[in-house]
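I opened this notebook to keep a record of what I looked up, one entry at a time. The sequence and the model come first, and my entries follow.

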Amino acid sequence: MLKVDDLHQHYGGSHILRGLSFALQPGEITVILGRNGVGKTTLLKSLMGVVTTSRGSITLAGSDITKLRSHQRVRAGLGYVPQGREIFGRLTVMENLQMGLASQPASTPLPPELFQLFPVLDQMRGRRGGDLSGGQQQQLAIARALAPGPKVLLLDEPTEGIQPNVIQDIGRVIKHLAHDKGLSVVLVEQFYDFAAELADQYLLMQRGEIVMCGRGKDMAADGVRERLAI
Ligand SMILES: Nc1ncnc2c1ncn2[C@@H]1O[C@H](COP(=O)(O)OP(=O)(O)OP(=O)(O)O)[C@@H](O)[C@H]1O
């Protein structure tokens with residue numbers, strides 16, 4: 001579904017991503033693990049076109065999207081939930097969801113199943129985003145990314161600062177989207193147990209490179225938790 005080949009990225013003179021190559025399959029959750037500062041967020045921003053890459057290619061469903069701008073990548077089928085959620089605090093829940101359709105033709109409706117996935121948003125349609133709890137904002141950010149019907153969903157640390165019961169809800173939604181709806185999901189995650197529970201595939205990053213990868217079910221046997229602690 002998404003194929004990344006020899007991707008490099010620089011911030012000024014700092015070489016951050018150093019030749020990443022991997023592929024995502026439809027219907028699978030790929031977890032990206034690594035310590036602070038290894039380049040996980042930069043990788044998601046590079047996939048979205050939020051930062052420019054210096055070398056390599058990104059192919060989505062057979063089309064080269066490497067040179068496309070962010071809104072064109074959304075139209076091509078990428079959805080993005082940034083770290084920190086980036087909800088519009090003064091806009092209502094409905095208005096935040098409508099913003100997710102900004103790259104679509106006018107009058108594109110919101111998919112009604114968004115409210116089935118996140119019933120709490122249904123009850124809070126008119127409430128301002130800034131008045132929601134952290135967990136509700138995270139659900140809103142995921143729903144906003146789902147509004148245009150992406151094929152690939154990129155999630156940057158969705159459990160950060162969220163209560164355990166909401167983490168479980170978010171985990172159930174992510175599994176449903178991948179395993180029942182066929183999306184490719186990329187999950188950048190610091191919380192190892194959550195990552196291990198969801199992963200079909202894992203990628204472990206160190207200093208801008210993928211140093212280990214494998215199937216989610218093998219994470220314990222491969223010693224991924226121990227590698228993260230080094
Ligand atoms: N806008 C920027 N300008 C310059 N350097 C940056 C910028 N953003 C990030 N970096 C640097 O790029 C490297 C990778 O950062 P990145 O945020 O991608 O890491 P990360 O693995 O997502 O870390 P974390 O888990 O803390 O979010 C770090 O050394 C960081 O300091």
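Predicted model: local features only at pLDDT ≥ 70, side-chain atom pairs only at ≥ 80, totals over all residues.

Which residue takes a positive phi just after helix 7? I found that G182 does so, with a phi of about 85°.

Residues are numbered from 1 along each chain as its sequence is written. The mean pLDDT of the chain (the predictor's confidence in each residue, from 0 to 100) is 95, and 100% of its residues reach 70 or more. For the complex, the predictor gives an ipTM of 0.94 and a pTM of 0.94.

I also checked the record: an unreviewed UniProt entry carries the annotation "domain: ABC transporter" over residues 2–230. I keep in mind that UniProt positions are given in the numbering used here, that feature names are shortened, and that annotations may be inferred rather than shown by experiment. Over residues 2–230 I read 35% helix and 27% strand, with the end C-alpha atoms 30 Å apart.

**Entry: helix 7**

Next I asked which residues of helix 7 are buried. They are I170, I174, L177 and A178, where buried means that 20 or more other C-beta atoms lie within 10 Å of the residue's own, exposed means 12 or fewer, and partly exposed lies in between, with C-beta atoms placed from the backbone. Seen down the axis of helix 7, these buried residues fall within an arc of 90°, so they line one face of the helix; the arc is that of the directions from the helix axis to the C-beta atoms. On the other side of helix 7, I listed P164, N165, R172, H176 and D180 as exposed.

The buried residues of helix 7 pack against several elements, including strand 3 (29–33), strand 8 (184–188) and helix 8 (192–198). For contacts, I count two residues whose C-beta atoms, placed from the backbone, lie within 7 Å.

After helix 1 comes G49, whose phi is positive, near 80°.

I then looked up the residues around the ligand, which are Y11, S14, I16, G34, N36, G37, V38, G39, K40, T41 and T42; a residue is near a molecule if its C-beta atom, placed from the backbone, lies within 6 Å of it. Strand 2 (14–24) and helix 1 are the elements that give two or more residues to this shell. The largest share, 3 residues, comes from helix 1.

**Entry: A143 and L121**

A143 lies in helix 6 and counts as buried, with 24 C-beta neighbours inside 10 Å. L121 is found in helix 5 (residues 119–123) and is buried as well, with 22 other C-beta atoms within 10 Å. Although A143 and L121 are 22 residues apart along the chain, I read 8.9 Å between their C-alpha atoms. Leaving aside neighbours within four places in sequence, A143 is in contact with L97, L114, L117, F118 and L121. With residues up to four places away again not counted, L121 touches V93, L114, F115, Q139, L140 and A143.

Is D6 buried or exposed? D6, in strand 1 (residues 2–11), counts as exposed with 12 C-beta neighbours inside 10 Å, and its phi is near 55°, a positive value in a residue other than glycine. E86 also has a positive phi, near 55°, and its place is in the loop between strand 6 (78–81) and helix 3 (93–99).

H15 is in strand 2 and is partly exposed, with 15 other C-beta atoms within 10 Å. Leaving aside neighbours within four places in sequence, H15 is in contact with H10 and G208.

Technical notes
Helix = DSSP H or I, 4+ residues; strand = E, 2+ residues; numbered from the N terminus.
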